[in-house]
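Look at the structure before reading on.

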Amino acid sequence: MYGKAAGVKIVSAPGGASSGVSVQVRGVSSVSLSTQPLYVVDGVPLRNFNDPTTNTFGTSNSRIEGNGALDINPEDIETLTILKGASASALYGSEATNGVVVITTKKGAKGRGLNVDVNYVYNQEKLAATPDYQNEYGPGYDPATNISVGATPDGWITDADGAMHPYYRAYDQFGPKFDGRDVKYWDGTTRKYVAQKDNYKDFFQNGYNSAANVAISNASDKGSFRFSYNRVDYKSIMPGSNLYKNNFNFNGTLKLSDKVSVDLISTYNNTFVHNRANVMSNIFGSFDGFFSRFDDMSTFFNKYQTSNGYKYVAADNNQYDQDEKMAYRFRATNLMDYLWNNLRNRYDETQNRFINSATLNVSLLNSLRFRGRVGGDFTNVTTSDQQYNTKPAVYGYTGQYALNTRNNNSFYGDAMLIYNPKVAKDFDMSFTGGVTGRKQKYKNQFTQTKGGLMDENWFSLANSADPLYATGVRAEQIDVAGFGMVNLAYKGFLFLEGTGRYESTSTLPVKNNKYFYPSVNAGFLLSEVVKLPSFVDYAKFRASYGLVGNHPNMYQANVAYNPYTVTLSKNNIPYQQTNPSAFGNEELRSEKKRETEVGFEARFLKNKIGVDFSYYNNKVMNQILTMSTPASGGATSQIMNAGDLSNSGFEAAINASPITTKNFSWTTRFNFAINKNKLTALRDGMTTLTMQSYDGGYLLLQSNVGDPLGNIYVHPRDKDANGNYLVNADGIYTANTNAWELAGNIMPKVVGGFSNSLRYKNFTLDFTLDYRLGGDLVSIPYYYQIGAGMFNSTLQYRDAAHGGIAYDAIDYASGNLVANPNGAHHDGVILPGVTADGKKNEKVITAAQYYMNQYDWQTNGLYENAVMKNSYIKLREVTLTYNMPKSIVEKLHFQGLQFSLVGRNLFYVWKTLPKGLDPEVAVGSQWFSQGIDGGTVGPTRSLGASLRARF
């Protein structure tokens, strides 16, 4: 779907086939509730979230979560339609407020007899891009800090035996310049002091994705069937992460008589994930994860565990495996821990999922039909977390074992009557009335050992050193509704549809849990009424208005109580107390989304060119938000209806077939979408809504009433009354922590795609580009790495060739540096600005001081530098296909034979982010997470081939 549907933004989380895919249709419809569309497969709503009490996916214990849509086998899809407007809500209810992805699976087709379709795809995945690291300087700090840790100003440390080496505990890269001398490494080996240019790349492995699909189908006058089996084997580029998946699907129709038929659809999915990919925030977003430009990645892979299977032995560890002890303390311990967790420990996840439906179709009269459907989506997931002993038990119990069992069960049913009377020759009408219900049950049981494992590496709950820790969640939701539709058509050019739905949900208080929402759609086929110019083949106007609700997650509205005990006279007395951090609300009401849409479709030049244009405007009232409350009331926050939100936008798609001949054809499609949203109101006179706060409030996602969602605010630099930047006594800028200024917005201004298909005889070339224009990405990990001197951009000021000024160092410790054109050092910086007394700043600081302070964590850090423009054009997919000529295929006793070369996520034609920072680095389903880089995994590029045969 990338770039192929106007107004639909898709982001796949890094980490590969097991990572969730976020889909956003027409902007943000809810500030705090789900913004993901509803998935409906063969009429049955599917579970898309692992935890329906939150209805989000992102990370769990730093591992990137998947989502339910990943279990759909692409080879089973016959059609996929995205419903965007509020008018879709009549059939699908409140969950349709963010759009609906409607999927119909393949059936057996008549006329071909027994058919067998075989398809095999193999793709190799590799790291797509690397950061623009500098390779001139190794680990170390500014001269004053280097001296304080016992090094020379340049960062060299001399051991008692005369050996020299840099300060390996440094997280910054302002140390000695690489000169190729022999130094003692932190693992005790001797090696040349040269940059390890590929150490980032060496962390990742080559992955692959192998998918085989076999389908058998047939059809006759009595019915049809299709059975398919799909096997996926996947190895991630992330160390230690892989999965396999088995998917079985049956789709059958049985005609019991001329008036009665039954559709049976059943899918079984079995998925095993080993060590689900971890985000790398503890490596790129934490100083203890920063590996230096001198670090050899193979050393980390060789040293993360000892030969006896215990955790690496740090230089200050005097307990075990002393012959494998590190020679020096080093910085990137989080990197070692990452490898230990993903290569030594085991996190195994097994899922069994059944999706079934049975549909009865009865023709009661020539003009009256009945359809009844029951379906279910049942998922069981068992997770085993085996954490091995980090040291011998004689030195203390370590290790851990945890079991997690999750059940998601959804029962669905609907029944409807469709009445289609014959009224007049020029007038058609139909009436539909029905009821629908859905019951969701969720259970999650988690149990783990505490205090370590008594017997080393025996993974049993009975092996817990301390009493077990256990917790459980049980939740249930019931939604029922009655709905009706009226469809009218006059002479094939005027169309009118009206819908209404009366819905009740258990997630709202009883007095507010029922609501009604209608919609109306109209279409006018201009080309059937007015004689248009000969080059116009088709022209149609359409308009719609709809209202749809949106309810809170399970138990959010409930005033919940937590059980506690108090000891009185040596007796435990139980009592209950309301949840102090999230108080419910018995007055809570459904969100209400009102949407108006108008559109125009046309085709020209014998259908060679087609256009589709839409304008929509919606307002979402009664936004359900969690707001802060005085603690004196018994809770620090409460859920409430606290605001209104609006969206408006344009969507356009142009498709064309410029060339169509016997041997050559070209079809193309271009689309774009513009969405503007606005926070239009907040309750009780409030003017500001803060969605997220980072680094102690130094960066906020915050909107004022009248502003768009996703505004980024940071503390500005201190200025004097004339607007000059203030420089403190240390020669650096300071942040005004009492104020915030707008630094950008995470929402894109335009999204779209450009698809092409060129056919020459038996060869077909398909390629798709998608793009995003406008908006920003917040990357605090990248900001930290700038401050650590990691990138080529940080070579600025480090020497005369990069703009550094000359100076003499009178005393580094006190910061007494004096500018001198003939000075001995050339890494000086004088920041433009004035001092507190209004004089021009003339204080010399080193380049290292500049980066370490202005890109620091809080304090004097200027977080405006963590906000970067995020626009791109990406070559998403290229496929070259060869269809074997019919004469050859028949000789081989096939009905069809096709070979393809496939490339996905190939490269960015253009992007505004720095080299190596991926525009699609975000993780999670929440709308604001799409604009935040928390330090995730590297982007991938895949190249492969597929073979498709039919016989």
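Buried means under 20% relative accessible area, exposed over 50%, and partly exposed in between, with a 1.4 Å probe and protein chains only. This is a predicted model: local features need pLDDT of at least 70, side-chain atom pairs count only at pLDDT 80 or more, and totals for chains, interfaces and linings use all residues. Residues are numbered from 1 along each chain as its sequence is written, and side-chain values use heavy atoms, with hydrogens and water left out.

Q: Is asparagine 275 buried or exposed?
A: Helices (H or I, at least four residues) and strands (E, at least two) are DSSP runs, numbered from the N terminus. Asparagine 275 is found in the loop between strand S17 (260–274) and helix H4 (281–284). Its phi is near 50 degrees, a positive value in a residue other than glycine. Its relative accessibility is 0%, so asparagine 275 counts as buried.

Q: What is the phi of glutamine 858?
A: Most residues other than glycine have a negative phi. Glutamine 858 sits in the loop between H8 and S46. It is not a glycine, yet its phi is positive, at about 55 degrees.

Q: Which residues touch the most other members of the largest nonpolar core?
A: A nonpolar core is a set of buried Ala, Val, Leu, Ile, Met, Phe, Trp, Tyr and Cys residues joined through side-chain atoms within 4.5 Å. The largest one has 102 residues. Those touching the most other members are Trp186, Phe203, Met238, Met280, Phe291, Phe300 and Leu699.

Q: How many residues are in the other core, the one with Val8 and Ile355?
A: This core lies apart from the largest one. Its members include Val8, Val25, Val41 and Ile355. The number of residues is 14.

Q: What does phenylalanine 300 touch?
A: Contact means heavy atoms within 4.5 Å. Residues up to four places away in sequence are not counted. The list for phenylalanine 300 is Trp186, Phe291, Asp295, Phe330, Ala332, Leu335, Met336 and Leu339.

Q: In what order do the four strands of the antiparallel open sheet stand?
A: Two strands pair if DSSP finds at least two bridges between them. S42 and S43 pair over four bridges, while strand S42 (residues 805–811) and S44 have two. Two bridges also join strand S44 (residues 825–829) to S45. The order is S43-S42-S44-S45.

Q: Why is one side of S43 and of S45 left without a neighbour in the sheet?
A: Strand S43 (816–819) and strand S45 (845–846) stand at the edges. One side of each is left without a neighbour because each has a single partner strand.

Q: Which residue in S44 is the bridge partner of isoleucine 805?
A: The residue in question also stands opposite threonine 846 in S45. The bridge partner of isoleucine 805 is glycine 828.

Q: Which residue of the S42 and S43 hairpin takes a positive phi near 75 degrees?
A: In these strands, alanine 809 has leucine 817 as its bridge partner. The hairpin has four residues between the strands. The positive phi belongs to glycine 815.

Q: Which residues of H8 are buried?
A: Helix H8 (residues 847–854) is mostly covered, with six of its eight residues buried. The cover includes helix H2 (143–148), helix H7 (780–787), S44 and S45. The buried residues are Ala847, Ala848, Tyr850, Tyr851, Met852 and Gln854.

Q: Which residue stands opposite valine 778 in S49?
A: The open sheet here has the order S46-S41-S49, with mixed pairing. Its edge strands are S46 (867–869) and S49 (932–933). Two bridges join strand S41 (residues 776–779) to S49, and the two run parallel. Opposite valine 778 stands isoleucine 932.

Q: How far is arginine 344 from the ring centre of tyrosine 388?
A: A charge sits over a ring if NZ of Lys or CZ of Arg is within 6 Å of the ring centre and within 35 degrees of the ring normal. Lysine 450 sits over tyrosine 469 at 5.9 Å. Arginine 344 lies over the face of tyrosine 388 at 4.0 Å.
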